[in-house]
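Reader: I'm new to this one, could you walk me through it?
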Amino acid sequence: MRILHTSDWHLGKYLENYSRLDEQEKFIDDLVGIVNEKEVDLIIIAGDIYDNSNPPARAEKLFYDALKRLSRGGERIVLVIAGNHDSPERLIAANSLATEQGIILLGKPNSTVETGIVGKHKVINSCEGCLELEIKGEKIVIITLPYPSEQRLNEVLGDMLDENEMQKSYSNKVGEIFENLSKYFRDDTINIAVSHIFVAGGDTSDSERPIQLGGGLTVDIDKLPFKAQYVALGHLHKPQKVKSEKIKAHYSGSPIQYSRSEIGYSKCVYIIDVKPKQEPNIEEVYLKNYKPIEVWKVNGIEEAIKKCEENKDREVWAYLEIVTDKVISKSEIREIKKIKPDILSIIPIIKDKVEAIEEFENYSERDIVELFTEFYIREKNVEPSEDLIKLFTRIIYEEGDEDETYSS
C-alpha cells in the first residue's frame, strides 16, 4: 500500500496581516498532482487543517475542494484528524456526505467510524480510536488520536481509570491510549498510527501555537505506539523524524513557510510504501516554495528603495531591516510600500544612536498625541503609522473627555 502523509495546512492563515490563501491554493494543486503521479492509495492529513476554529469561507471551500479532488470520487481514501487549531465539531460536519467520497473525518480521540462501504473501499472493523480498512485487497489497521487536550483525554480514559490513575501525567495517559489501541495490530495487516501531539525533543518554529504549556502536554518518546510500522504526526512545522531508532515516526511539517524561523529548511510530504510485517520505505517529496519569506538588510533609505526596485516583480515576502541614523518618515515608508507591497515590516536598526531627551517646562501644555509621536520616533526611529496614532487616540480618550488636560 502506498500512503501519503501531510499535515498542518493552516488554511486561512495570515502572515503580518497578509493572507496566505493564494499560496495554499497552489499547494493543493501540486498535492493533487503528486497524489496522481505517485498513484497513492491512502492520504493521511494529521491535523491543523485550518488556522483557527472559525475559518473564513474561502478556506473551507478550499478544504472541501481539496478533499474531493484527492479522493477522486472514492477511488482513494482520505483520512483527516483534528489538530489543536481545529474545531472537532466543525471538521466532522460533512461526515455523512464525505463517506460516500472515501473521506473519513475524525474530530476527537474517541471517534468511531461506521463499518461498511467508504468510497470504493470498505471499513471492515471499527472501535473508539481504531479502524480497519480494506483497500484494493490489502488490509490496514489505523489507530487514531486527534489532538488530545487534557479534557478529551479524561473523557476517553474516564471509564477505564480510577481516581488515583486519573492523576497520571499527560504523557502517561497518551501512552495508555496508544498501548490499548495497539492490541488491534495484527501480523496480516499494515499497522499505522496517526496523531496530533507534541513529542519530546521535536524541533519547533515560531508559527506553531504551543500545546505543551511548559512541558505539561509533552508526550515522551517511549509512550508512542512502537508496534506501528509508521506513525504519522502533526503539529510541528519542520519536517522531521522523531529522535528514536526504534520507531518510524515522522512530522510531515507545514506545506509552506509560516514564519521567518522557517526560512532555513525545505517543506515536503512523505510517501510511505508498506506491506504487512515489513519495514516501510519512506520517501520525501519536496514542495515548491511559492512565495518565500526573506530578510533584507540594507544601509539607508536609498539602498532600501534600490532593493525593492530590484525585487518588485519577484513573488516574495520580505522583512526589511534598514541601518539608519535618522528617522524613517511616513512618506519614505509609503514610497517603499508602493514599490514592493509585500514588505511585511520595516525595521530600523539605529546606527550610533544617541538618546536626546528634550526638556519641556510644562508637559501638561503639550498635546498627548504629539508627545506620543515624539516618544515613538525617539524609541523606534520611525514615524508611527496613521492607524497606530488612531488606535492610541481611541484608547486614550475612550473613557474620558477629549478636552481633558493630561499631565505627564
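Author: What follows covers the fold and then some salt bridges. This is a predicted model, where local features need pLDDT of at least 70, side-chain atom pairs count only at pLDDT 80 or more, and totals for chains, interfaces and linings use all residues. Residues are numbered from 1 along each chain as its sequence is written, and side-chain values use heavy atoms, with hydrogens and water left out.

Reader: How many helices and strands are there in the protein chain?

Author: The protein chain has 10 helices and 21 strands, where helices (H or I, at least four residues) and strands (E, at least two) are DSSP runs numbered from the N terminus.

Reader: And what share of the residues is buried?

Author: Of the 408 residues in the protein chain, 51% are buried, with buried meaning under 20% relative accessible area, exposed over 50%, and partly exposed in between (1.4 Å probe, protein chains only).

Reader: Switching topic, how many salt bridges turn up?

Author: A search of the whole structure finds 25 salt bridges, each a side-chain nitrogen of Lys or Arg within 4 Å of a carboxyl oxygen of Asp or Glu. One of them joins the side chains of R186 and E132, at 3.0 Å from N to O.

Reader: Where do R186 and E132 lie?

Author: R186 lies in the loop between α6 and β11 (190–196), and E132 in strand β9 (residues 130–135), so the pair ties together parts that are 54 residues apart in sequence.

Reader: Are those two buried or partly exposed?

Author: R186 is partly exposed, at a relative accessible area of 31%, whereas E132 counts as buried at 5% relative accessibility.
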